[in-house]
Amino acid sequence: MSKTKVILHKDRCTECGTCTQVASKVFTIEGGKSQLIKSVDFNDPEIREQAKQAASLCPGQAIEVLEDES
Amino acid sequence: MKVEARVVSNRLLNPYTHHLILHPLEPKEIDFKAGQFLLFQVTPGITRAYSLANPEHFRDRLEFIVDVRPGGPGSRFIQQAKKDDKVTLHGPFGHFILRPRKAPKFFVATGCAIAPIKSMVETLLDHQEPDSISLCWGLRYLKDVYLADYFAKLQSRYANFSATLCISRPEGSNPYFTGRVTEAVGSVVGVKKNADYYLCGRETMVEEMKITLRRVGVADERVFSEGSRRKTC
């Protein structure tokens, strides 16, 4: 079963807020910067797709979505 | 939302500032709020955010003002864009938008961050906003100046609109305000406690303005901002 992991590189965040608009179940804004919402199940298909879309759009390339197929 | 557009024109406002106009092909009109931005797909894996500079009522025209000095992939994309090129964009995005509140509006911008501010000002004027609209816009050198005549014409046409162009390091005789926007707001234009403030541009300017406004009694909920770091101009 694959496990999805999402990494947010805060040093690359440009604070545009795009991720919070395309992946509102995954990201929120705190202190002007994006934050991962706690207790999110990244293996949920909808959540995973939102995270991937946010990663593809992030102008700072601050979001990584990793799939562990083990 | 994915947007496919065509380049209508790409001209220089000064040696490093591009005025790019696109025509949306699909969808044919873009519904956006003044102050928002679109993400340009500059390469398959890279996007860059640029604010819309046109007002909300121009839904079939996408206008951008971009400083290409950073020299990164976004800058190169903008420099190379030519008439009839196809461009893929995403959006609109962004929370730096006008608040629907009856109050004087004060806009402070530096450099190409004039783009979202231009969109906001033109949108308000089109809506026949009755309250006063003030703009302080800072550029560094006289040779950088663009859109000065445009804002002067708006000022002569709309009695409730005033624009102050600030040159921080003028080379020679300066017909505009000499100094930074933060100085102009305090000394020339004056701070109105009952106004809504929209700040966009250099992070240092935004932070300095927030401190100044708080010190003179402007409530934090009346101050809205977006720093240049948000967008890789």
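**Two chains, one interface: a short tour**

Let's start where chains A and B meet. Across that interface, the rule finds zero salt bridges. One caution before going on: this is a predicted model.

So what does hold our attention there? Polar contacts, for one. Four residue pairs are in polar contact across the interface of chain A and chain B, both residues at pLDDT 80 or more. On the chain A side, two elements each give two or more residues: helix H1, residues 18–22, and helix H2, residues 45–57. H1(A) gives the most, with four residues. By class, the side of chain A that touches chain B has six nonpolar, seven polar and three charged residues.

Now the extent of the contact. On chain A, 16 residues take part, and they meet 14 residues of chain B. The size of an interface is often given as the accessible area lost when the parts come together. Here the area buried between chain A and chain B is about 1200 Å². Carbon and sulfur atoms give 48% of that area.

Next, salt bridges elsewhere. Side chains of opposite charge can pair when their charged atoms come close. Over all chains, the count comes to 21 salt bridges. Take one of them, between Glu15(A) and Lys33(A). Their closest N and O atoms are 3.5 Å apart. This pair links distant parts of the chain, 18 residues apart. Glu15(A) sits in the loop between strand S1, residues 3–8, and H1 of chain A. Lys33(A) is in strand S3 of chain A, residues 33–36.

On to empty space. Rolling a probe the size of a water molecule over the atoms shows where empty space is left. How many cavities of 30 Å³ or more are there? The count is two. The largest cavity has a volume of about 80 Å³. Its lining has 13 residues. Nearest the centre of that cavity lie Cys13(A), Cys16(A), Cys19(A), Ser34(A) and Cys58(A). The lining of the largest cavity divides into eight nonpolar residues, four polar and one charged.

Helix H5, residues 203–215, and strand S12, residues 223–227, both of chain B, each give two or more residues. The largest share, six residues, comes from H5(B). By class, the lining of the second largest pocket has eight nonpolar, six polar and nine charged residues.

Last stop: the backbone of chain B. Which residues are joined by cis peptide bonds? One such bond joins Glu26(B) and Pro27(B), with omega about -5°. Pro27(B) is in the loop between strand S2, residues 17–26, and strand S3, residues 37–43, of chain B. Another cis bond joins Gly91(B) and Pro92(B), with omega about 10°. Pro92(B) lies in strand S6 of chain B, residues 86–93.

One more backbone point. Asp84(B) has a phi near 75°. That is a positive value in a residue other than glycine. Where is Asp84(B) found? Asp84(B) is in the loop between helix H1, residues 73–80, and S6 of chain B.

To recap the interface: zero salt bridges cross between chain A and chain B, but four residue pairs are in polar contact there.

Methods
Residues numbered from 1 in each chain as written. Chains lettered and ligands numbered in written order. Predicted model: local features only at pLDDT ≥ 70, side-chain atom pairs only at ≥ 80, totals over all residues. Heavy atoms only, no water. Contact = heavy atoms within 4.5 Å. Buried area = accessible area lost by both parts, 1.4 Å probe. Salt bridge = Lys/Arg side-chain N within 4 Å of Asp/Glu carboxyl O. Polar contact = N/O pair within 3.5 Å; in protein donor to acceptor, adjacent residues only side chain to side chain. Nonpolar A, V, L, I, M, F, W, Y, C, P; charged D, E, K, R; others polar. 1 Å grid on protein atoms, 1.4 Å probe; cavity = no way out; pocket = protein on both sides within 12 Å on 5 of 7 lines; lining within 4 Å. Points joined across faces, edges and corners; volume = space filled by probe spheres on them.
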